[in-house]
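Please keep the sequence and the structure in view while reading.

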Amino acid sequence: MREEFVLDTAVVREFIDDVRETIAGAASPNEACEALRPRFAELLADPNWLPAEYQAAAPQSGMGGGIGQWLLYRAEDQSLSLFALVVPSGSATPIHDHLAWGLVGLYRGEQDEEIYARRDGALELLERRYLVPGDFYALIPPRDDIHRVRTTSADTSVSIHLLTNDTGCVWRHSFDPASGEEKPFRSGYVNVACEDDPR
Ligand SMILES: [Fe+2]
């Protein structure tokens, strides 16, 4: 696979360059996430870099609920991806994991985020957070890797994900809220295929 700048702009290229340099110089995921914070905050605060097409809902998406996962960048070895997750008002993602560390932050709208842990096969709700634009958090599995987000604003929410895998194309898990049962889950991206897609 080759490196893909789906959104090929100077802002995205400079951001990814900085991110790759920071990750290369960090001794651990924790250290990398800390070091990436100012640069990620800067991206979230920039109102102009993300075109409207990547802030649109997607009726036929793998997430359901009109939720659109738009790929903006991915690395040639699938070790890094940047994508926008668009969740219409009132919609919620399934409870899901990511299987990679990175940063997730809100760009538009408002969300409630619920973080879960697995305990004896069941799901335990650890925390509920209310997010407004500019808020962001680190995901470092296994801690904080299982969550669900719901858009609470009247407008669609858009969150920006910087994760160290090709999140839309890896097989990960969704979870039944009541039983905690996990199922194989692949969200896909609205705008690009995964390598082993049948289409
Ligand atoms: Fe997520």
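## Charged residues and the iron site

Asp18 has a relative accessible area of 31% and is therefore partly exposed. The model described here is predicted.

The side chain of Asp18 meets that of Arg39 in a salt bridge, at 2.6 Å from N to O. Because Asp18 belongs to helix 1 (residues 10-25) and Arg39 to helix 2 (residues 29-45), the pair ties together parts that are 21 residues apart in sequence.

The structure contains 15 salt bridges, including those in the table.

| Salt bridge | Closest N and O atoms |
|---|---|
| Glu4 with Arg74 | 2.7 Å |
| Arg20 with Glu76 | 3.4 Å |

Glu4 lies in strand 1 (residues 4-5) and Arg74 in strand 2 (residues 68-74), so this pair connects parts 70 residues apart in sequence. Both Glu4 and Arg74 are buried.

Arg20 is located in helix 1, and Glu76 in the loop between strand 2 and strand 3 (81-87), so their pairing links parts 56 residues apart in sequence. Arg20 is partly exposed, at 30% relative accessibility, and Glu76 is likewise partly exposed, at 32%.

Arg172, in strand 11 (residues 172-175), is buried but has no salt bridge. The nearest side chain of opposite charge, Asp97, is 5.5 Å away from Arg172, whereas a salt bridge requires a nitrogen within 4 Å of a carboxyl oxygen. The contacts of Arg172 include His96, Asp97 and His98.

His96 and His98 are both buried. Together with His147, they coordinate the iron ion through their NE2 atoms, at 2.1 Å. The donor residues follow the spacing H-x1-H-x48-H in sequence.

Key
Residues numbered from 1 in each chain as written. Predicted model: local features only at pLDDT ≥ 70, side-chain atom pairs only at ≥ 80, totals over all residues. Heavy atoms only, no water. Helix = DSSP H or I, 4+ residues; strand = E, 2+ residues; numbered from the N terminus. Buried < 20%, exposed > 50% of the residue type's maximum accessible area, 1.4 Å probe, protein only. Lys, Arg positive; Asp, Glu negative; His and termini not counted. Contact = heavy atoms within 4.5 Å. Donors = N, O, S within 2.8 Å, 3.2 Å for Na, K, Ca; no water. Lists of a residue's contacts leave out its neighbours within four places in sequence.
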